[in-house]
Amino acid sequence: MQARPALRRQVARTLEERFEAIVRQTVAVFPLAGSRTLDTNGCARLCEAALRTLVRAVANGELDARDSLVADLRRPAQDLSIGPQQLFGVVYLLERAALD
C-alpha cells in the first residue's frame with residue numbers, strides 16, 4: 001500500500017513539471033472541439049484550473065467537492081459559458097495531453 005501514495009506523488013509531480021506544455025496542447029485543440037470559437041485566454045484559464053484540480057486529485061487520491069479548486073474551475077467555465085459536457089471534454093483532452 002505504500003507504493004500507491006508514492007506513485008500518486010510522482011504522477012502529480014510529473015503533471016506539475018509538464019503543466020505549461022499540457023495546457024498549451026489542450027488549448028490548441030479545445031477551441032476546435034466545439035461548435036463555436038472560444039477566447040484563447042479564457043480557454044487557457046479553464047485548462048489551467050482543470051489541470052490544477054486534476055493534480056490535486058491525483059496527489060491526494062481524491063477530490064472533495066468543497067475544495068476551493070472546484071470553485072476555481074467553475075469560474076472560467078461560467079465565463080466561457082461551458083456546460084458540463086464541454087468541461088468533461090476539456091478534462092479528457094488534458095488527460096490525453098498528459099499521457100503523451
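Thr53 is part of helix H3; helices here are DSSP runs of H or I with at least four residues, numbered from the N terminus. Because its relative accessibility is 7%, Thr53 counts as buried (under 20% relative accessible area; over 50% is exposed and in between is partly exposed, with a 1.4 Å probe and protein chains only). Leaving aside residues up to four places away in sequence, Thr53 touches Leu63, Leu69 and Leu73, where contact means heavy atoms within 4.5 Å.

This is a predicted model, in which local features need pLDDT of at least 70 and side-chain atom pairs count only at pLDDT 80 or more, while totals for chains, interfaces and linings use all residues. Residues are numbered from 1 along each chain as its sequence is written, and side-chain values use heavy atoms, without hydrogens and water.

The axes of H3 (residues 40-60) and H5 (residues 84-99) come within 10 Å and cross at roughly 70 degrees. Axes are lines fitted to C-alpha atoms, for helices over the stretch in contact, and angles run from 0 to 180 degrees between N-to-C directions. H3 and H5 are therefore roughly perpendicular (65 to 115 degrees; under 35 is roughly parallel, over 145 roughly antiparallel and the rest oblique). Leu46, Cys47, Ala50 and Leu51 in H3 meet Leu87, Val90, Val91 and Leu94 in H5.

A disulfide is a pair of cysteine sulfur atoms within 2.5 Å, and by this rule there are zero disulfides.

Technical notes
Helix = DSSP H or I, 4+ residues; strand = E, 2+ residues; numbered from the N terminus.
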